Amino acid sequence: MIITDYFRSTRDLTWDYALQCGVAHGTIRLPETPDFDPANRSHWRAVVERFRSAGISPLVVEPLPNALHDHIKLGDARRDECIEKALAMFPIMEEFGVKVLCANFMAAIGWTRTRQDLPDRGGALVTGFDEAEFRAPEGTPEISESTLWDNLAVFLRAAVPVAEKHGVRIALHPDDPPLPRLGPVARILRSAAAFERAWALAPSPCLGATFCQATFAMMGEDVYSLVPRWRDRIFFVHFRNARGAAARFRETFHDDGQLDMARLIRLYRECLPEGTPIRVDHVPAMGSADARDGYGATGRLFALGYLRGLLSGTAATPDGI
Ligand SMILES: [Mn+2]
């Protein structure tokens, strides 16, 4: 496995913390500002060089920039121009050695929590979701399941052949929470069977999954049997723990949820290629200054150390990761 961390594209404290934890590879979020064109090679070069000069090699892009993907997911009037721009990213990713695109297909409402202040051990705070408390934002459009499947098919049939030509792998991220709908919006990537249906839309060795392990667990899937079954499909791992089920769950410290994290790491070691990128996901807020959205800088330190410890404890060689 290759440890990455999730980085915004301009340097902040998380870059320093990750470097201090020995992270040398990045899952990067591209700038979502009007002056950044994801189809422009020199715009990419500036971002990639900023990372490389800090000692971080970008390996994964997450997500597909929302300015493009929102239109693709909704299938609106701007869909085709946005797909063209998305396709133009693949040769650029190839040139810069960015091997994986992590893309979700949650339309209108992205990953969602109803609470960011659930007390956890020692006064740490975690996020949680309870369907009974969820209210869709005013003006959220109505989107049906069949429309979403159609829109996903249009995207994948256009994108997958181009990604394959350039050696880029598209790793679909599950819907979080993995419910049939959130208010007026249907959700489709909410079971293992749905992933297999999605892959059949554009069959290719370059189309697979981001194994956001706790999301699959909240679906009620047996994550321990999915890893060997999807050994050729898991291109990227989100290392995350939680307690509950799709309609009501909470995040936890990485050592404290319902998933057997050591067993999962052993399975990744056994089943996945050595260079598979992994990153920690959704951490508790530790200390009053830490962000409460699951992406706090301090909370990541424990998660990163825990991940590195498990990887070191299962390494083929004492110094390997
Ligand atoms: Mn995830």
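Is Phe 211 buried or exposed, and what is its relative accessible area? In this predicted model, Phe 211 is buried, with a relative accessible area of 0%; buried denotes under 20% relative accessible area, exposed over 50%, and partly exposed in between, with a 1.4 Å probe and protein chains only. The model being predicted, local features need pLDDT of at least 70 and side-chain atom pairs count only at pLDDT 80 or more, whereas totals for chains, interfaces and linings use all residues. Residues are numbered from 1 along each chain as its sequence is written, and side-chain values use heavy atoms, with hydrogens and water left out.

Across the whole structure, 19 aromatic pairs are found. Rings of Phe, Tyr and Trp (its six-membered ring) pair if their centres lie within 6.5 Å; planes under 30 degrees apart count as stacked, over 60 as edge-to-face and the rest as tilted. The pair of Trp 199 and Trp 230 is edge-to-face, because the ring centres are 4.8 Å apart and the planes are at 70 degrees. Trp 199 and Trp 230 are both buried.

The rings of Phe 211 and Phe 216 have centres 5.0 Å apart and planes at 15 degrees, so this pair is stacked. Phe 216 is likewise buried, with a relative accessible area of 0%. Ring pairs link these residues into a cluster, made up of Phe 195, Trp 199, Phe 211, Phe 216, Trp 230 and Tyr 268.

Charges also sit over rings (NZ of Lys or CZ of Arg within 6 Å of the ring centre and within 35 degrees of the ring normal). The charged end of Arg 263 is placed over the ring of Tyr 224, 4.1 Å from its centre.
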